Each structure stands twice: as C-alpha cells, then as structure tokens.
Amino acid sequence: MKKFPAFLFVDLFTVYQALGLSYEGSGAIYPNSNNEVVHEETYYPPELDYKYPHWCQTFKLHNGHMKCSSPRGGNHRNTFGTRCSLSCEQGYKLLGQSSIHCMSGRRWSGTAYCRTVRCRVLPYIQHGTYSCSRSFLVHSKCDYSCFQGYQIEGDRYRICQAGGSWSGAEPTCADHDPPKLKCPLSRVKVAEPGKLTAMVSWERPTATDTTGTSLQILRNGPDSGSEFTEGQYVIRYKVYDQARNMATCKFTVHVEVRRCPLLKAPLHGYLSCSSNNNNYGAVCEYHCDPGYERSGTVHRVCLFNRSWSDQAAECTLMEIKTDVRSAGALLDQFYEKRRLLIVSTPSASDQYYKLQNIMLQSAGCGLDLRHVTVIELIGIPPQEVGRIKEQFLEPEVIEGLRQALHITSSHFNMVLLDELGVDRERFINPTTSDELYTYIEEYVLTEEEQERLQLNRDLCD
C-alpha cells in the first residue's frame, strides 16, 4: 500500500472541515452540466490528484469571460485548486459569484450566469408616445413622438445603456399649435327702402383644437342679427386654447344706404321728404309758397338705381283775377296764401310815394320770399287808379278796399295785412326794405317759414 505524507492528511482534514464535509457517510454536493447543485445520499471522498486534468466539470459562462489560474499552470481550468474570476460581456450583468475555485469535492465553490442588461420601463409621456427597437433591453433605442398638434421638447430618443440606465432625459410634448378659427366671408348689405339700417346675420364661427376640448370664442364688434347703421364694420373673433395659443380671424360688414342726388326745392316752394330725404325709398313732396301754384308731379321717389322718379315740379305765381267787382272777391284770392302791402298815395308825384316806390322796386324779390303782394292805390277819386303790377282794379274794388281797411287817400300811407287779412301794421312814412323785412320776420312769419327763408335768402342776392 502506497504511503502518503502526514502533512497531506492534515491539509485534507482542514479542507474537509472548511467545506463542512464528513469523511464518511455525509451527503456530497456536485454540480451538473447546467451549473446546478445536486445532492447524493452518500459521499466517498476521492483520492486527491493535482495532476488529474478534469477534477471539476468544465464551468460554462455564456456571454461572459473566465480568467483562471491553476496550480498546474497553463490554461488548465478545471483541475483541483483552480481559481477563476468571472465577468460578462458588455450588455450583460453578472448574477452570482464573481470568483470561484475548484474544490476537493470535485465541484466549484459557486455558480453564476450572465443576464442581458435591462432598463426600467419608460413611462408614457402626456400627449405623446414612443417606440423601441429592442423593447427595454440594452442598446434599445426608443424614439419619442407627439400627437398631432404637439411638438416635442427635449430629447427625441433615449438609449438603454450598458449600465442599465437610460440616456438623456424624458421629453415633453408642448402644444404650440393655435386653434383653428374660420370667419365667414365679408358681406355688403343694402338698407331696405325707407330705412337707414340693415339687419345683418352670419353663421357664427366655430373653433377646433388639437386637444379636442370645447373653446370659448370671443367677439369684438356687433353680434350676428344686429341692426347696422350705414358704414363699414370690422368684426373680429379670437379664441385661446388651454396652452394660451391664440387664433384670430376677421371679416367686414358694409351697410350701404343707396342715395339719390339731393333734390333742389323749387323756386317759391319747398320739399318735404320722408326718411332721410334722399335715401332709397324716400318720398319727396313738392310744396309751393303762398301765392304760387304747383305745376307737375306732386311726389317723387328715390329708386334703387339712385335716380328719382318723374320730373321736378315748378311753382308759378298764382293767377290773380283783377276783373272782380268787390274788394271781398279780391281779398278772397289771397286768403291763407299771400300777405298784402297796400300803398296809398294822393298823387304819383308825391315825394313820399316816389321814395317808397324806389325802395319797393328793389325789394320785390325779398317781398316774394316773405309772401307779400303789393297793391297800389294812386290818386283821388274819381281819378283814382288801383293796380297789382300791370293789372288794374275796378273803381268799386278800390273804394271797397279803402272802406274796409280805412285807408285814406289824402296823404301817403301803407297797410300790412297778414294771410288771414288781418291789419298788422300801418306806415305813414316811407319805409326801407330792411325795416319791412325785419318787421315781417319778427311778427308775421311762422317758424317754418323763417327756416325756409334762411335757406332761400341767397336767391335775392
């Protein structure tokens, strides 16, 4: 029987104690081909032989590296006493022991394997998503994208790094797109006949946004269905989304009041018009001053084509009948139409009359504007003459006027009658045209007549 040195037994005893193995009858532990530990019911310690090349089974580390040192030297990796340091390839993580050695019980002191590095699951970003090339495994590239209407801010992609962390930082999806807002088309509306306004309606705009939420639309200007006066209006709408992006739109409303050329009042007359005098649908009626008669159409209408219907009327001096037989018949022709200024003089050569006659001749236009007709009574009966311009009066009419109005023939005097035949003023001295005008305007004319007089005052210049 071969003898072993005593120190060898001491070392073996120490090894067995360190391994927790009994020399006889204890269960032994062996690794199988998959680096898994198995148990046997009975263990019989083998004889130690450092020269035996396959003391432990070959240790396999997929996707990893083993750096071993053996008592025999060289590249021996599974002889008794061999020690190996373990590491994994890039992208893999070592799980288990980082260093193992081949023990006397023909097994390795531990086990390990290399697992692919995996990064944590990326959370989804608001208003966006991502897609990854290799899920969440190492070297996987995850590209971020935002939903329509949003723009990415930050890193556009992240890579799962070898250390198990993601590169970069989580991006965000920001809403930079304004809402969509469309206004109706601009429009022109013509005011209806006889009106100076027009009701304009349109379909109110609606706004859409990438978020799909309902938006409040603000308006600047009149609302649809409002009555618009003549002119052009700019209607503006604006809307904000939740990110305070703003959209605006505008359109114009033009309300047109079609107008005819302004009608001129007839000489010795005036117009009364409905609505605004010359707008589409306005009706103008011709009137003549007292003592003048209208000839032609009564009404004219402003048409859509901006022209007036019919032709202008004229005011002609009323026809005075002087062949009547009484003063009453003569005065009736002027009743509510004309005022009368009766001039009486004992002789055409009277100095007062001559002076007054000169002033009356220059005042003819002004007296017409103030609706005054002049009647002259010249001389003493039976040589007396009465006339209205070139028309002569009958003697009985002259006498009737003197008696009715108490007009003397012995000296110069004048009597002013209003349109109702009422004696309003008497003059015993020649009177200037301005004095006559002032008195008539202050005491005889109506307010309406005074307004028309102001408009026509230039006719006598």
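## Helix α5 and its cover

In helix α5 (residues 395–405), the buried residues are V397, I398, G400, L401, R402 and L405. This description rests on a predicted model. An α-helix has 3.6 residues a turn, so residues three or four places apart point the same way.

The cover over the buried residues of α5 includes the helix α2 (327–332). It also includes the strands β26 (339–345), β27 (372–378), β28 (385–388), β30 (413–417) and β31 (423–427). After α5 comes H406, which has a positive phi, near 55°.

## The chain as a whole

The chain has 461 residues, and 37% of them count as buried. Its secondary structure consists of seven helices and 31 strands. The accessible surface of the chain is about 27,200 Å², and carbon and sulfur atoms account for 51% of this area.

How many of the contacts join residues at least 24 apart, among those between residues at least 6 apart in sequence? The share is 50% of the contacts in the chain between residues at least 6 apart in sequence.

## Aromatic pairs

A pair of aromatic rings is described by the distance of the centres and the angle of the planes. There are twelve aromatic pairs in the structure. One of them joins F59 and W108: the ring centres are 6.0 Å apart and the planes stand at 75°, so this pair is edge-to-face. F59 belongs to the loop between β2 (37–40) and β3 (64–69), and W108 to the loop between β6 (99–101) and β7 (112–116), so the pair ties together parts that are 49 residues apart in sequence. F59 and W108 are both buried.

Another aromatic pair is formed by W202 and F228, with 6.3 Å from centre to centre and 55° between the planes, and this pair is tilted. W202 is in the loop between β15 (197–200) and β16 (207–208), while F228 is in strand β18 (residues 226–229), so the pair ties together parts that are 26 residues apart in sequence. Ring pairs link W202 and F228 with Y233 and F251 into a cluster.

## Arginines over rings

Two arginines lie over the faces of aromatic rings. R106 is placed over the face of W55, at 4.0 Å from the ring centre. R258 is placed over the face of F304, and here the distance from the ring centre is 4.3 Å.

Strands of a sheet pair through backbone hydrogen bonds, either parallel or antiparallel.

β14 and strand β20 (residues 246–256) run parallel and are joined by four bridges. Which residue of β20 stands opposite V188? The residue opposite V188 is H254.

## An antiparallel sheet of three strands

Three strands make up another open sheet, in the order β8-β9-β11, and the pairing in this sheet is antiparallel. β8 (128–132) and β11 (157–159) are the edge strands, each pairing on one side only. On average, neighbouring strands of this sheet are turned by 20° against each other, direction ignored.

Three bridges join strand β9 (residues 141–146) to β11 in the antiparallel sense. D143 has Y157 in β11 as its bridge partner.

## R457 after the helix α7

R457 lies in the segment after α7 (447–456). With a relative accessible area of 30%, R457 is partly exposed, because this value falls between the cut-offs of 20% and 50%.

Which residues does R457 contact, leaving aside its neighbours within four places in sequence? R457 is in contact with L369, R370 and E441. L369 is 88 residues away from R457 in sequence, and the two are 7.9 Å apart in space, C-alpha to C-alpha.

Note on methods
Residues are numbered from 1 along each chain as its sequence is written. This is a predicted model: local features need pLDDT of at least 70, side-chain atom pairs count only at pLDDT 80 or more; totals for chains, interfaces and linings use all residues. Side-chain values use heavy atoms; hydrogens and water are left out. Rings of Phe, Tyr and Trp (its six-membered ring) pair if their centres lie within 6.5 Å; planes under 30 degrees apart count as stacked, over 60 as edge-to-face and the rest as tilted. Helices (H or I, at least four residues) and strands (E, at least two) are DSSP runs, numbered from the N terminus. Buried means under 20% relative accessible area, exposed over 50%, partly exposed in between (1.4 Å probe, protein chains only). A charge sits over a ring if NZ of Lys or CZ of Arg is within 6 Å of the ring centre and within 35 degrees of the ring normal. Two strands pair if DSSP finds at least two bridges between them. Contact means heavy atoms within 4.5 Å. Accessible areas come from the Shrake-Rupley method with a 1.4 Å probe; for residues, only the protein chains shown count as cover. Axes are lines fitted to C-alpha atoms, for helices over the stretch in contact, and angles run from 0 to 180 degrees between N-to-C directions.
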